[in-house]
Amino acid sequence: MDYFLGLIINGIVVGSIYSMVALGLVLIYKATEVVNFAQGELLMIGAYICLEIIQVTGMPFLVSFLMTMGFMVILALAIERLVLRRMMGAPALAVIMVTIGIGIVLRAVVLGVWGATSIPFPEVFPRQGIDLGVVTVSQLYLWSFILSLAFMAMFGAFFKFTRVGLVMRATASSRKAAESMGVPLTKIFAIAWIISAVVSGVGGVLTGNIAGLSPELSFYGVKVFPAVILGGLDSIVGATISGVIIGVLENLGGGYLKDLTGLHGLGPVAPFFILVAILWVRPTGLFGRKNIEKL
Amino acid sequence: MAAMLLEVQQVGLNFGGVQALTDVSFSVSQGELFSIIGPNGAGKTTLFDCISGRYTPKGSIKFNGVELVGQKSHLRPKLGIMRTFQNIALFPNETVEDNVLVGSDYRLRSGLLRSCLYWSPLGCSRQEGSHRAQAREIMAELGVEQFANVPASELAYGTQKRVELARALVAQPALLLLDEPMAGMTSGEKMEIAALVQKLNQERGITVVMIEHDMGVVMEISHRVLVLDFGQRIALGPPLEVIEDPQVRRAYLGEAV
C-alpha cells in the first residue's frame, strides 16, 4: 500500500511539473497556432542556466532562480524577435520546423558548454521526508509541487482577470477580429513565448533538482506531449489535469509493469498506451475543441 | 462639399491569376453614409480588406490624408477606422462585455506593461473604469446590455451582429466599415439596424461605408452608392441615379429588372 501511495505521490509531483510545462505548450499553440517542439529544450536550458548562476556567482538559490526567469524572458524575446517574427504569415508547418531547429541549437549549446554527462544539482530543498499523516513526502517533492501549483495559479489568474489576459484569449479565438480591434499580434505572440519559456525554465529547475542535469532533460518536451494531446491541444485546463494524469500513469507503469513483464523502462511508455486508447475514443482529447488538429 | 475622409485611388489586387480588384477609385466625404453593392464575388469584401489592412493592394488609400497602404492592420483603430465582418468574428467564449472591452483596447500599445497590472475585478485603474463605463453605455445603446455576462456564442445571430457593432463603436471610430450588417436578419431586425446605422451617422457624425445586399435598405439610407462588378467600378452616385444606370441593371439586378 505504501508502495502504491508513494508511486501516486511521486506521479502527482512529476505530473504537476508536466502540467506547468504543458501549459506553456498550449499557450503558444493557442496564441500562435504553432506547436513548439523546442519546449523540452527550453526546460533544459533553464535548468542549466540556474545551475550556472549558482556556481559562478554563488548567489542564494532564490536569487538565482529569479535571474533564471529573467534569462528565460530574454531568451523568449530573442527567439520571437530574431526568428519567429520573420516567419509571420508562413505556414504553421514551416514554423513548427523552425521550432525543431531552435531545439537542436539549444541542445547543441548545452552539449558544447556543459557536456553530455549528468551533473547533480546542488541541494536546495532537503530530500528529507515530512510526515503528512498518511504518508511521508520528501520536502523537495513537496516544494516542487507547491511551486508548480503557484506558477500555474498565477498564470491562470493572469489570463482570467487581466486585460492582457483577455486580449490573449481574444487573439486565440479569432486573430482576424483581434487584429481589426487594434491588437498588436506580434506583442501578443511575444508575451505567449515569454510565459511559455518562463514556466518551462521553472519546470527545468525543479526537474533538475529532482533528477539532476543532463541534456536528456530535453526529452521532457516529448513527455509533455501526451499530457497536451490528452487534454486537448487548445485547453489550458485540460493540459493541467492531464499533466498530473500522465505523471501518475508513468509512475504506476514504472512501478508495476517491471514486475509484471520483467522489462525495464516501461514507465515512460505507459502514458502513451493510454494516450492512444483515449484518442481512439476522443480524437480531440479530453477537453479539446472539435475543430483542431486531430493527431 | 465636405472634406474627403477616405480617398481610394486606382486600387488593384490580384490573387495569383485572378484579378480581384482593378483600378477602383472613389472618395467618401466626412459624415457620409456610403454603400457598396455588387454581385457575389464582385470584390466588395476584398476592398474592405484592403482598407482595413488585411491585404496590401496596388494604388493608394488615404484616410484623413494619411496613406494606409503598407501600414499594419492593427494600427487602423488608432487612426479611427473600425470594421465588422461578414460572418461575424466575435470571440465566442468571451462574454459580451469582454468582447466589447477588447474593442477599446487599441490603447494597449501605449501601455502594454501597465495594462498587465490592471486587475479587472478590482477595477483599480481609472482608465479601466472609464473603459467599462463606455462599454456599458454602448451596449445599452445597441440593446445588448442585458447580455453583458453571457458568452457571445450563446446569443442569437441578430444579437451577435449587434454585439459586433458595439465592439466596433466602443473605440469611437471616425470611419465605420460594415460588412453586410443586416445579412441573415428578419425584416424587422433589418429595419432596426438600418435606423441604428442612420442614427450613428447623423447623431454621432460617424462616416459609414457599408456593404449590403438588401437593396431596399441601401436605397433608403445611403447618400451615395458604389457598384462593383468583377472587381471594377461600374457606377457611383446617389442611389436613384445608380439604380437607373443600364450597366448596373445588367450586371447587378439582372436582365429581368
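Chain B has ten helices and ten strands. Helices here are DSSP runs of H or I with at least four residues, strands are runs of E with at least two, and both are numbered from the N terminus. This is a predicted model, in which local features need pLDDT of at least 70, side-chain atom pairs count only at pLDDT 80 or more, and totals for chains, interfaces and linings use all residues. Residues are numbered from 1 along each chain as its sequence is written, chains are lettered from A and ligands numbered from 1 in the order in which they are written, and side-chain values use heavy atoms, with hydrogens and water left out.

Start with confidence. The complex receives an ipTM of 0.80 and a pTM of 0.85 from the predictor. Chain B has an average pLDDT (the predictor's confidence in each residue, from 0 to 100) of 85, and 88% of its residues score at least 70. Within chain B, strand E8 (residues 207-211) has the highest confidence, at a mean of 96. Helix H4 (residues 112-116) of chain B has the lowest, at 50. Residues 117-124 of chain B stay under 50. For that stretch the model has 15 contacts (heavy atoms within 4.5 Å) beyond four places in sequence.

Now the fold of chain B. Of its 257 residues, 54% are buried. Buried means under 20% relative accessible area, exposed means over 50%, and partly exposed lies in between, with a 1.4 Å probe and protein chains only. Take the contacts in chain B between residues at least 6 apart in sequence: 67% of them join residues at least 24 apart.

Turn to chain A for one helix. Helix H6 (residues 163-173) of chain A is mostly covered, with nine of its eleven residues buried. Among them are A:Arg163, A:Val164, A:Met168 and A:Thr171.

Last, look inside. The structure holds four cavities of 30 Å³ or more. A cavity is a set of points on a 1 Å grid over the protein atoms alone, where a 1.4 Å probe fits but cannot get out; lining residues have an atom within 4 Å of a point. Points are joined across faces, edges and corners, and volume is the space filled by probe spheres set on them. The largest cavity has a volume of about 60 Å³. Its lining includes B:Thr84, B:Phe85, B:Lys161 and B:Ile193. Helix H6 (157-169) and strand E7 (175-179) of chain B each give two or more residues to this lining. H6(B) gives the most, with three residues.

Key:
On a 1 Å grid over the protein atoms alone, a cavity is a set of points where a 1.4 Å probe fits but cannot get out, and a pocket is an open set with protein on both sides within 12 Å along at least five of seven lines; lining residues have an atom within 4 Å of a point.
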